[in-house]
Amino acid sequence: MKKIIAIFLLSLGAFVYGQELQANVTVSAQQIGGSNQQVYRTLEKSLKDFINNTSWTGRRLQSFEKVKCAFSIIISERNSNSFKGSIIVQSTRPVYKSLYDSPILNINDQNFSFEYIENENFVFNDRQFSGKNLIDVVGFYVYLILGYDADSFQAKGGTPWFEKSQKIARNAVGQQKYEGWNPTEGPRVRGTLIDRILAPSNNNLRNIMYGYHRLGLDLLSTNETQAKQSIFNQLMGLQAYESDFQMNYPFSLFIDGKKTEIFNIFNTGNNGSVNLNNLRNLLNTMAPKESDIYWNKWK
């Protein structure tokens, strides 16, 4: 009887506990067609298992603690075992005492190519470049997701995971075959992004990330007026980047990910003493493409 109970508890634990991510993975090759679509289904399943079953941080989390995320790979070219396309990476974060998941990360990486043989095993090693680029890019974004998530719960809490992403990027810089790693390639590649995130000049944005979520969103259900004032204060701190926001990739990711949410927060309910005109003016300056869609619609 004791043995049966022990087996039951172990089985229950397998359902309750797992690794750090709850990832959905899709692989699409509609742009190139072809009769052999099975390779993409195999890749999709293998990547999903790899991401969800790998212990990225050494922690075992309950299901509700896992970070929800999605990896969408769009294949545009194929030459034998060589693939080229883009990868879209998204993640969300639960908001305290609500059913709402706040968007955290939304990246469309167009510099994505890799080698893959159907049914190959994925072996991840953050100490060296794999030579095929697939798990390197995926591993880079996994740690980026974990870093952003941790930053939203604790001030600069994501540093250990961002440093993992940076290590992966630096391992890949020396190779010549795959684009998207070397900061010299431009302001919107993986190498530039992670270096900018960890730069001291980005500390203010990372602190805003924490304050916006932990001191703002998480309080909306219990004290709307105080929460909105806190969110307003955090957003006004973006003024620190007024001179370089156009070339600041992390800043762009923050605005792109949060624009709809920011609009909705101040478009309903009681805004208390929030000076909406000041926030509108700031966002019209720093996110002018969104002015007619969002900021100028505030009453």
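This is a predicted model: local features need pLDDT of at least 70, side-chain atom pairs count only at pLDDT 80 or more; totals for chains, interfaces and linings use all residues.
Residues are numbered from 1 along each chain as its sequence is written, and side-chain values use heavy atoms, with hydrogens and water left out.

I then looked up the strands (DSSP runs of E, at least two residues, numbered from the N terminus, as are helices, which are runs of H or I of at least four). Strand β2 (residues 21-28) pairs with strand β4 (residues 67-79) in the parallel sense over eight bridges, where pairing requires that DSSP finds at least two bridges between two strands. On β4 I also found the antiparallel sense, over ten bridges with strand β5 (residues 82-94), and there Phe 71 stands opposite Val 89 in β5. The hairpin of β4 and β5 has two residues between the strands, and in it Ser 80 takes a positive phi near 60 degrees.

Next I checked helix α3 (residues 134-153), where 19 of the 20 residues are buried (under 20% relative accessible area, with exposed over 50% and partly exposed in between, using a 1.4 Å probe and protein chains only).

Last, I located Trp 181 in the loop between α4 (159-173) and α5 (190-198). Trp 181 is buried, with a relative accessible area of 1%. Leaving out residues up to four places away in sequence, Trp 181 touches residues including Phe 129, Asp 136, Phe 140 and Ile 168, where contact means heavy atoms within 4.5 Å.
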